[in-house]
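Here is my note on this model. The points are numbered, and the first concerns a pair of side chains.

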Amino acid sequence: RNLEQSKEALQRTQKELEKSEQDMKNLRAELAELEDKASEVLDECRQAEEALPAVQEEKKNLLQEMKTLKDAEHALQSEALSIKLKIEQIDSHISTHQGKVKYWQKEISKLSLHRIEDEAPEELAVLGEAELEALREPEAVTRNIALLEAQHHELRPNLSAIAEYRKKEELYLKHVGELDDITSERDKFRQAFEDLRKQRLNEFMAGFNVITNKLKENYQMLTLGGDAELELVDSLDPFSEGIMF
């Protein structure tokens, strides 16, 4: 019986030994695996240590980039605020100019051109968008308007003088027409006088030549060969100085 117990104990011991050997084998395998993992971890640690300066440099660059982005963000916020203020100023200017436009439209509606007698009535010219766009300096236009208004007040034109001028012009043209008629009539009489003067001269010279020739013939007959003739003292104007024998 003791032998059987010993055999059983031996078998148990062998089984435990086999189990222990298997456990040792498993532990060695786990140890080898752990050593491999430890080696990998050491390699990774070494690689991490080697990559650490690059990572630190990249971190530094990222921090610098973040700072740059924050500065840019602050600049954009400042610019956005400035643009917002400018927009508010522009809106204020637009509102002011809209008020001015309404005011001047009201003032323009009061304007009218003075009607000139014998001429078709005119209307005030209205500028189109293209013409208004050409006025690139509204302030200069405003200054010109103020200057023209000042000159208008200084001159104080008498608009009724235009009608008076029309009447004077009509009377002047009437007198000019009368003068032309009188001048034409005078020229007719002058031409008639000149024609009569030429006719008298021509007839006188014709008669003078006949008388001179007859005188010469009669004188030669009376004196048996003598010579006598009549001469004009002024051949250009025979009626002024007379005749010489």
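1. Start with Arg46 and Asp43. Both sit in helix 1, three residues apart, which is about one turn of the helix. Arg46 is partly exposed, at 42% relative accessible area. Asp43 is also partly exposed, with 27% relative accessibility. Keep in mind that this is a predicted model.

2. Helix 1 holds another pair, Lys67 and Asp71. These residues are four apart, so about one helical turn separates them. They form a salt bridge, and the closest N and O atoms are 3.3 Å apart. Lys67 counts as partly exposed because its relative accessibility is 46%, between the 20% and 50% cut-offs. Asp71, at 40%, is partly exposed as well.

3. Turn to helix 4 for Glu194 and Arg197. They are three residues apart there, again about one helical turn. Their salt bridge has its closest N and O atoms 2.7 Å apart. Glu194 is partly exposed at 25% relative accessibility, and Arg197 is partly exposed at 37%. The whole structure contains five salt bridges.

4. Glu35, Asp36, Glu40 and Glu44 form a patch of negative charge on the surface. Glu40 belongs to helix 1, which spans residues 2-110. Its relative accessibility is 48%, so Glu40 counts as partly exposed.

5. There is a nonpolar patch on the surface too. Tyr103, Trp104 and Ile108 make it up, with about 330 Å² of accessible area together. Tyr103 lies in helix 1. At 44% relative accessibility, Tyr103 is partly exposed.

6. Is Thr212 buried or exposed? Thr212 is buried, because its relative accessible area is 10%, under the 20% cut-off. Thr212 is placed in helix 4, residues 160-223. Leaving aside residues up to four places away in sequence, Thr212 touches Glu229 and Leu230.

7. Now the chain as a whole. It has five helices and two strands. In sequence order the pattern is α-α-α-α-β-α-β. Take the contacts between residues at least 6 apart in sequence: 30% of them join residues at least 24 apart.

Note on methods
Residues numbered from 1 in each chain as written. Predicted model: local features only at pLDDT ≥ 70, side-chain atom pairs only at ≥ 80, totals over all residues. Heavy atoms only, no water. Patch = residues over 30% accessible without salt bridge, like charges linked within 9 Å, V, L, I, M, F, W, Y side chains within 5 Å. Areas by Shrake-Rupley, 256 points an atom, 1.4 Å probe, with all protein chains shown as cover. Salt bridge = Lys/Arg side-chain N within 4 Å of Asp/Glu carboxyl O. Lys, Arg positive; Asp, Glu negative; His and termini not counted. Charge placed at Lys NZ, Arg CZ, Asp CG, Glu CD. Buried < 20%, exposed > 50% of the residue type's maximum accessible area, 1.4 Å probe, protein only. Contact = heavy atoms within 4.5 Å.
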